[in-house]
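Visitor: I would like a close look at a single part of this model, taken slowly and with the terms spelled out.

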Amino acid sequence: MTESAAPRAISPRKARKFLVVADGTPESEVAIHFASLRAQHTNGVVTLLAVVPPADSASQWLGVQNLMREEARSEAEAVLHKLAAHVNDYAGIMPELVIREGRLADELHRFIEEDKDIAILVLASGAGKDGPGPLVSTIGNKGFPIPVTVVPGTLTEEAVRALA
């Protein structure tokens, strides 16, 4: 086990955070529902993470690059605010919203390392023929310093409620 994959202790005084990557996929909604109910039942916090891809560095026009970056960030903010309202309606929890820029896997690892209150990463596997999804597939390749819960993206609402 690598040093970065060693488990870390969560402060007993702080509510544990359930981190969900809000990528707009149908399965991410399943992960959000599961994390919201688990947080509700354990007095935890839901953290929704959106990662905006890095701006195209090949662009020769800095103004265009900055405009594209601002538009991507605005879209991510709009999605996160919509999801936050959904979590609040669904579980009575106002989630923490975080936007990062970069490669998804890199930013996810970086954020987990920076926020020591994140206790569990909740992902949902893809339901299509393309497999579980790129993020779920990378879990085995990189160690995580926190537990990872992968729920099937095909779970019904009743199944999510029963499991959470």
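Visitor: Which handedness does the β-α-β unit made by E1, H1 and E2 have?

Guide: The unit that E1, H1 and E2 make is right-handed, in the sense that, with the strands pointing away from the viewer, the path from the first strand over the helix to the second runs clockwise. This is a predicted model, in which local features need pLDDT of at least 70, side-chain atom pairs count only at pLDDT 80 or more, and totals for chains, interfaces and linings use all residues. Residues are numbered from 1 along each chain as its sequence is written, and side-chain values use heavy atoms, with hydrogens and water left out.

Helices (H or I, at least four residues) and strands (E, at least two) are DSSP runs, numbered from the N terminus, and two strands pair if DSSP finds at least two bridges between them. E1 belongs to an open sheet of 5 strands, ordered E3-E2-E1-E4-E5 with parallel pairing. Strands E3 (96-101) and E5 (148-152) stand at the edges with a single partner strand each, so one side of each is left without a neighbour in the sheet.

E1 (residues 17-21) runs parallel to E4 (residues 118-125), joined to it by 4 bridges, and 5 bridges join E1 to E2, also in parallel. Lys17 has Val45 as its bridge partner in E2 and stands opposite Ile118 in E4, while Leu19 is partnered by Leu121 in E4.

Of the 5 residues of E1, 5 are buried, that is, under 20% relative accessible area with a 1.4 Å probe, protein chains only. Lys17, Leu19 and Val21 point one way from E1, whereas Phe18 and Val20 point the other way.

Technical notes: Buried means under 20% relative accessible area, exposed over 50%, partly exposed in between (1.4 Å probe, protein chains only).
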